[in-house]
Amino acid sequence: MLSRFKACLVGAVVGDCIGSNFEGLLAVKLSDVVNSVLKLEECNQQAQEKEEAGPSPKYFYTDDTAMARSVAASLLDKKHFDARDMADRFATEYFNDPDRGYGGSVVTVFENLKDPDLIDVFRPASMQFGGRGSFGNGGAMRIAPAALFAFHDNDLAKLKVLVSSITRITHTHHLAINGAILQAFAVDQSLRQQQQPVDADEFIDSLISKMKPVEEESSAGKTPADNTREKKDGHPTPYCYKLLKIKELLKNRDLHVEDVVNELGNDVSAFGSVPAAVFSFLKAATQNIPELNGRNKFEQTVLYAIGLGGDTDTIATMAAAIAGALYGMEQIPKAWQIYCEGVEDAERAAEELFKLGSL
Ligand code: R7I
Ligand code: MG
Ligand code: MG
Ligand code: MG
């Protein structure tokens with residue numbers, strides 16, 4: 001289990017670092033993604049032949065990892081959720097190192113969090129987008145450490161409250177919160193997965209049974225406009241609807257990337273990216289991807305997720321966290337670990353989170 005904890009956070013880091021090379025591209029060729037990691041692997045090969053010490057990282061992490069590090073650090077330091085401490089860490093991290101590719105609107109939240117007279121740390125986020133809150137994927141992208149922190153409690157209601165609280169510091173839209181909850185539930189479920197290969201239908205059915213009450217409950221907090229729009233679209237439980245879509249897509253033997261993007265999305269919204277991450281995990285877990293022959297399941301997850309294009313760093317970081325939680329460190333190539341920034345810190349944080357649970 002320690003190896004699975006580590007691979008969850010290390011996986012998230014390498015997914016972000018490798019994925020960030022393709023962020024925002026509408027169409028990504030899988031062969032280009034493979035070439036980007038071949039570069040790292042060849043570099044490592046050469047370094048070994050010359051018996052040189054590992055050089056400095058080549059691929060750098062973005063806001064996804066920067067914020068996940070703050071989530072882990074705050075939980076480890078306080079040993080419970082402390083809203084003020086976590087908000088301070090998010091804002092301080094941003095102002096120390098602002099060029100990590102943060103979302104366009106979330107920086108306003110950081111600016112408002114710096115106000116020394118601020119009483120309610122959740123208020124700046126709640127004022128975003130005319131009071132509806134951001135539906136970006138910034139909550140989901142950073143949530144993996146929360147799933148590890150709560151793992152030993154084995155209490156989904158507790159995990160849900162923790163994830164919702166962490167997300168609401170920057171994102172208060174119900175789709176952002178529920179997207180983060182889905183991502184955390186997927187990581188949790190993957191950590192608890194006993195047998196391989198994964199049964200995709202079972203994995204999805206289990207997620208639906210957990211998400212349905214969450215989505216039904218949150219509809220009580222929606223504005224009338226939200227309710228009208230969602231009723232019109234016919235999705236009162238939108239994430240459950242997309243989870244069902246994932247099942248269908250996995251049964252299509254002639255599936256193209258465009259079909260996946262059309263049905264699930266690949267953008268910076270939580271609703272347009274968390275389902276794509278879950279899909280990428282299950283696609284690699286249950287099927288042979290011919291273009292990725294010779295690659296293990298973890299590698300296939302990351303490379304396939306990036307191949308979806310769009311918000312590649314974030315979809316890859318989320319897919320990789322789920323995959324790492326199942327496969328463990330054995331499946332994360334050494335070259336990826338050496339040449340992606342932040343791997344050692346992630347490994348250390350995962351180990352500390354693991355130890356917290358055995359106290
Ligand atoms: O969600 P957030 O932290 O951004 C995360 C993304 C990831 O891909 C990172 O890798 C990084 O690149 O950014 O930041 P936000 O600024 O809250 O949301 C991201 C974007 O989603 C916003 O800049 C908007 O373009 C869009 N967005 C919305 N647009 C219209 N109406 C989010 N909420 C809304 C909305 O309510
Ligand atoms: Mg990013
Ligand atoms: Mg970005
Ligand atoms: Mg991104």
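I began at Asp85, whose side chain is joined to that of Ser74 by a polar contact of 2.6 Å. I take a polar contact to be a pair of N or O atoms within 3.5 Å; within protein, one must be able to donate a hydrogen and the other to accept it, and residues adjacent in sequence count only if both atoms are side-chain atoms. The model is predicted: local features need pLDDT of at least 70, side-chain atom pairs count only at pLDDT 80 or more, and totals for chains, interfaces and linings use all residues. Residues are numbered from 1 along each chain as its sequence is written, chains are lettered from A and ligands numbered from 1 in the order in which they are written, and side-chain values use heavy atoms, with hydrogens and water left out.

**Asp85, continued.** I placed Asp85 in helix 4; helices are DSSP runs (H or I, at least four residues), numbered from the N terminus. Asp85 is buried, at a relative accessible area of 14%. Buried means under 20% relative accessible area, exposed over 50%, and partly exposed in between (1.4 Å probe, protein chains only). Leaving out residues up to four places away in sequence, I found that Asp85 touches Ser74 and Lys78, where contact means heavy atoms within 4.5 Å.

**Magnesium ion, ligand 2.** I listed its coordinating atoms as Thr62 (OG1), Asp63 (OD), Asp64 (OD) and Asp313 (OD), at 2.1 to 2.3 Å. Donors are N, O and S atoms within 2.8 Å of the metal (3.2 Å for Na, K and Ca); water is not among the atoms, so sites may look incomplete. Along the chain the donors follow the spacing T-D-D-x248-D. Asp63 lies in helix 3 and Asp313 in helix 17, so the pair ties together parts that are 250 residues apart in sequence. I noted both Asp63 and Asp313 as buried.

**Magnesium ion, ligand 3.** This ion is 3.9 Å from the magnesium ion of ligand 2. I found it coordinated by Glu23 (OE), Glu23 (OE) and Gly101 (O), at 2.6 to 2.8 Å. Glu23 sits in the loop between helix 1 (2-19) and helix 2 (30-49), and Gly101 in the loop between helix 4 (83-96) and helix 5 (106-113), 78 residues apart. Glu23 is partly exposed, at a relative accessible area of 37%, and Gly101 is also partly exposed, at 45%.

**Ligand 1.** Of the 21 residues around ligand 1, I noted Asp64, Ser105, Ser134, His171 and Asp311 as coming nearest; a residue is near if one of its heavy atoms lies within 4 Å of the molecule. Helix 3 (63-78) and helix 17 each supply at least two residues of this shell. A polar side-chain atom of His171 lies 2.6 Å from an oxygen atom of the ligand. Taken alone, ligand 1 exposes 700 Å², of which the protein buries 82%; accessible areas come from the Shrake-Rupley method with a 1.4 Å probe, and for residues only the protein chains shown count as cover.

**Nonpolar core.** I looked up the largest nonpolar core, which has 124 residues, with Leu282 and Trp336 making the most contacts inside it. Such a core is a set of buried Ala, Val, Leu, Ile, Met, Phe, Trp, Tyr and Cys residues joined through side-chain atoms within 4.5 Å. Helix 17 (residues 312-327) contributes the largest share of this core, 11 residues. Leaving aside neighbours within four places in sequence, the contacts of Trp336 include Val14, Phe298 and Val343.
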